[in-house]
Amino acid sequence: MSKEIQGLGLTDPELRNDASEARTLPVLPVRDTVLFPHAVLPLTVGRESSVQLINSLGDDKTIVVVAQREARVDSPQPTDLFAVGTLAVVHKVVRMPNQSLFVFAEGLERVKVTEYAQLTPFMRATVETVPDEPTPKNSEIEALQRNVLTLFQQIVAGSPTLSDELSTVAANIEDAGRMVDFIASSLPSLSTRDKQDVLETPDVQVRLEKINQHLAKELEVQQLRNKIQSEVQDRVQQTQREYYLREQMKAIQKELGEQDETTRDTEDLRQKIEAAGMPDDVKKEALKELGRLARMSPMAADYGLTRNYIEWLAVLPWQKSSGVEVDIPKAKEILDSDHYDLVKVKDRILDYLSVRRLRPTMKGPILCFVGPPGVGKTSLGKSIARALGRKFVRLSLGGVHDEAEIRGHRRTYIGALPGQIMQGIRRAETNDPVFMLDEIDKVGRDFRGDPGSALLEALDPEQNFSFRDNYLDVPFDLSKVLFITTANMLDPIAEPLRDRIEIIELQGYTEEEKVHIAFQYLVPRQVEENGITKEQIEFPEETIRFIIRHYTREAGVRSLERTIGTICRKQARRIAEGKTEKLVVTPELVQQVDMLGGMKIRTEGEIAERTKRAGVAVGLAWTPTGGDVLFVEANKMKGKGGFTMTGQLGQVMQESMQAALTWVRSNAKELGIDEAFFADHDIHIHVPAGAIPKDGPSAGVTMVTALVSLLTERPVRPLTAMTGEITLSGNVLPIGGVKEKTLAAKRAGVKDIIMPAENRQNVQEDLTPEQLQGLNMHYVKTIQELLDIALPSTRDQAENDAEVREEVLSTVPVG
């Protein structure tokens with residue numbers, strides 16, 4: 001047993017001071033240390049005051065060792081020290097080269113500082129002995145003492161830093177109080193405050209309970225630490241074992257002339273690279289990465305990333321094309337069978353195919369189909385792919401905000417992948433698919449980048465022959481890809497991107513076109529999708545027209561198809577319930593509650609009804625869904641010449657109303673209006689559907705007509721709509737969206753349309769005779785010409801208009 005361990009329990013009786021009276025002794029403050037009675041502790045003394053204290057000791061080397069409350073305090077005062085310390089005797093002092101002292105002190109007994117008698121040059125205090133409270137020897141104390149000893153022995157046995165001799169010393173101490181003090185001084189994991197708490201506890205039983213709790217917690221922590229250490233050690237040993245086995249397997253395979261799995265994988269990738277037909281610079285990069293992969297351990301973090309990158313390079317269709325010979329008559333037949341009308345679009349596609357056949361190396365155009373929802377933009381792309389015999393790939397750009405979605409992530413990012421364009425090329429497995437970029441007008445833009453700008457390189461025929469994805473970081477030829485984009489509106493598309501695409505507009509369908517589309521495509525598709533046959537249901541033409549007029553108001557045919565599907569599902573249910581007779585869908589049947597219910601739209605009657613009174617005119621508006629009719633209502637009241645405009649109107653439309661009122665006031669005499677009327681009357685113009693924002697200059701003629709109709713008390717002629725911008729000099733200027741507005745008017749049951757004269761050519765070019773059938777187009781250059789057509793000029797005309805209104809209202813279906 002070492003001398004230090006022997007000293008921990010053995011003290012010289014002559015050094016003990018058994019006096020119980022108060023004594024004044026030097027006080028030695030210590031940091032992060034608690035000296036227990038019967039323990040020998042080496043102390044480092046470095047403070048000037050503490051050094052003077054040690055040097056002042058004569059024959060009586062008794063001192064009081066007190067722990068500091070805060071170790072950071074360099075010059076402790078009485079308030080910085082605990083009240084309870086240990087009476088100690090200094091056995092040996094060793095002087096260190098740095099002028100500090102190394103002191104060996106042995107604790108004698110607990111003492112309490114009652115008063116400090118001196119603070120400089122070192123502290124002296126009056127202390128009283130704190131004896132252990134008498135504890136009766138009983139079974140509870142004995143059991144607690146044994147439990148504490150057992151826990152301490154287990155901790156010593158499991159700790160690599162504690163000497164096994166500590167267990168023997170603790171077992172040889174019979175006194176319970178001394179054993180607790182010994183264990184507390186021997187545990188390095190016990191904090192200074194916890195040790196001080198044990199020192200300040202004179203009751204031996206309470207002291208045993210406290211140290212028992214600390215030992216139980218320490219044992220639990222030690223066992224958990226040993227468990228973690230064991231698991232880590234096992235994993236390290238398993239890794240080393242696998243490494244040695246793998247090296248042995250390599251050596252065996254080398255002796256047998258075989259290849260290991262990693263080598264085979266590398267050779268497979270090499271063969272794929274050779275067979276991919278890459279350009280020389282790309283192949284050089286792929287082989288370079290393959291060399292890195294071959295030198296890399298399969299356990300390396302970059303192994304999987306590098307392998308994925310090489311696989312991407314190897315599977316891309318660098319030289320693989322569809323190789324289908326273009327057959328122009330067959331392509332025309334496919335386009336005609338899949339889509340009704342769309343003559344301009346089909347002609348443009350056939351032109352492209354014809355040039356492609358004569359010059360196979362031509363660069364692919366970038367087409368953009370612009371039109372309202374439901375007119376067949378996406379399905380037209382599929383038909384083009386079928387006509388060309390190419391793969392079809394579709395990418396929806398709606399809501400895409402991240403530029404990396406288009407051009408990919410750089411390989412430095414975790415989970416990096418190529419962009420959606422290169423992923424689509426990989427899925428197509430050819431380098432010349434028909435690639436549709438849907439909803440290009442709904443691309444977002446935020447702090448993550450601008451996907452629209454990222455599309456510039458891909459959609460530029462002069463640049464996309466060397467498109468460079470951020471992940472692949474090698475050029476790929478996209479010039480053979482036929483890119484087709486779709487949009488509902490052109491305005492949100494950035495100008496540089498719009499400059500690179502060829503815009504083809506797809507306007508809405510007329511009622512006749514919708515009837516043809518319904519019978520040719522929609523009805524057969526919905527009958528098949530709902531599990532019934534054409535022998536079990538029949539849609540007469542009259543019913544299709546009724547549904548178009550009174551249940552759908554749209555430029556496309558999406559709502560029409562949904563409505564037909566609803567009726568087919570009703571018949572499917574009837575058949576499932578045992579009613580097997582054929583269902584002939586009539587307008588009366590459609591209006592039944594168990595079918596579609598009452599009519600949703602009554603446009604013909606609405607126009608005739610609302611224009612019965614003076615001050616109401618019908619305008620035509622362009623919308624993203626194709627166009628709509630717009631009612632403008634004007635009213636007058638007694639007032640002071642005020643002018644009110646309501647209906648959530650934009651700035652341009654408000655200015656049109658002001659211009660209309662100014663023209664009417666300046667021409668009041670010619671119009672037969674009392675010039676003094678405006679001084680004592682207020683005028684209010686309202687555009688209904690107030691929750692919908694409205695703007696644009698093309699409602700100017702409608703404002704003028706509504707005002708003149710109100711002030712001359714002449715109702716606007718029935719089933720008449722108009723559009724055009726006005727000037728203060730009385731001219732009518734041209735507008736846009738002619739086809740959309742005309743088709744909207746026809747859907748609404750309008751018979752007479754008034755347009756600017758300069759839009760006559762647009763009508764002749766954009767609209768077919770079938771689309772204009774049943775419409776009377778009137779072209780005007782001035783507001784006066786407009787009023788001559790829109791308002792009745794004689795009593796006979798007014799009476800005739802009233803008869804026409806009543807006739808229209810009498811023919812409106814009731815439902």
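Helices H3 and H5 are roughly parallel to each other, a term used for angles under 35 degrees, with over 145 counted as roughly antiparallel, 65 to 115 as roughly perpendicular and the rest as oblique. The structure is a predicted model, in which local features need pLDDT of at least 70 and side-chain atom pairs count only at pLDDT 80 or more, while totals for chains, interfaces and linings use all residues. Residues are numbered from 1 along each chain as its sequence is written, and side-chain values use heavy atoms, with hydrogens and water left out. Helices (H or I, at least four residues) and strands (E, at least two) are DSSP runs, numbered from the N terminus.

Two packed helices are described by the angle between their axes and the distance between the axes. For H3 (residues 139-158) and H5 (residues 176-186), the axes come within 11 Å and cross at roughly 25°. Axes here are lines fitted to C-alpha atoms, for helices over the stretch in contact, and angles run from 0 to 180 degrees between N-to-C directions. The crossing of H3 and H5 is left-handed, meaning that the near helix is turned anticlockwise from the far one by less than a right angle; if clockwise, a crossing is right-handed. On the H3 side the contact (heavy atoms within 4.5 Å) is made by Gln145, Val148, Leu149 and Phe152, and on the H5 side by Ala176, Met179, Phe182, Ile183 and Ser186. These residues comprise 7 nonpolar, 2 polar and no charged. In this classification Ala, Val, Leu, Ile, Met, Phe, Trp, Tyr, Cys and Pro count as nonpolar, Asp, Glu, Lys and Arg as charged, and the others, Gly among them, as polar.

H5 also packs against helix H4 (residues 165-172), where the axes come within 9 Å and cross at roughly 160°. H4 and H5 are therefore roughly antiparallel to each other, and their crossing is right-handed. In this contact Leu166, Val169 and Ala170 of H4 meet Met179, Phe182 and Ser186 of H5. By class, 5 are nonpolar, 1 is polar and none is charged.

Glutamine 205 is placed in helix H7 (residues 204-256). Glutamine 205 is partly exposed, with a relative accessible area of 23%; buried means under 20%, exposed over 50% and partly exposed in between (1.4 Å probe, protein chains only). Leaving aside residues up to four places away in sequence, glutamine 205 touches Thr135, Glu140, Ile141 and Leu144. The C-alpha atoms of glutamine 205 and glutamine 797 are 119 Å apart in space, and the two residues are 592 residues apart in sequence.

Several loops have backbone features of note. Threonine 120 and proline 121 are joined by a cis peptide bond, with omega about -5°. Proline 121 lies in the loop between strand S5 (101-118) and strand S6 (124-129). Glutamate 429, in the loop between helix H15 (420-428) and strand S9 (434-438), has a phi near 65°, a positive value in a residue other than glycine. Glutamate 429 is partly exposed, at 44% relative accessible area. Glutamate 713, with a positive phi near 55°, lies in the loop between helix H25 (700-712) and strand S20 (720-722). Glutamate 713 is exposed, its relative accessible area being 59%.

A search of the whole structure for disulfides (pairs of cysteine sulfur atoms within 2.5 Å) finds 0. Cysteine 368 counts as buried, at 0% relative accessibility. Cysteine 568 is likewise buried, at 0%.
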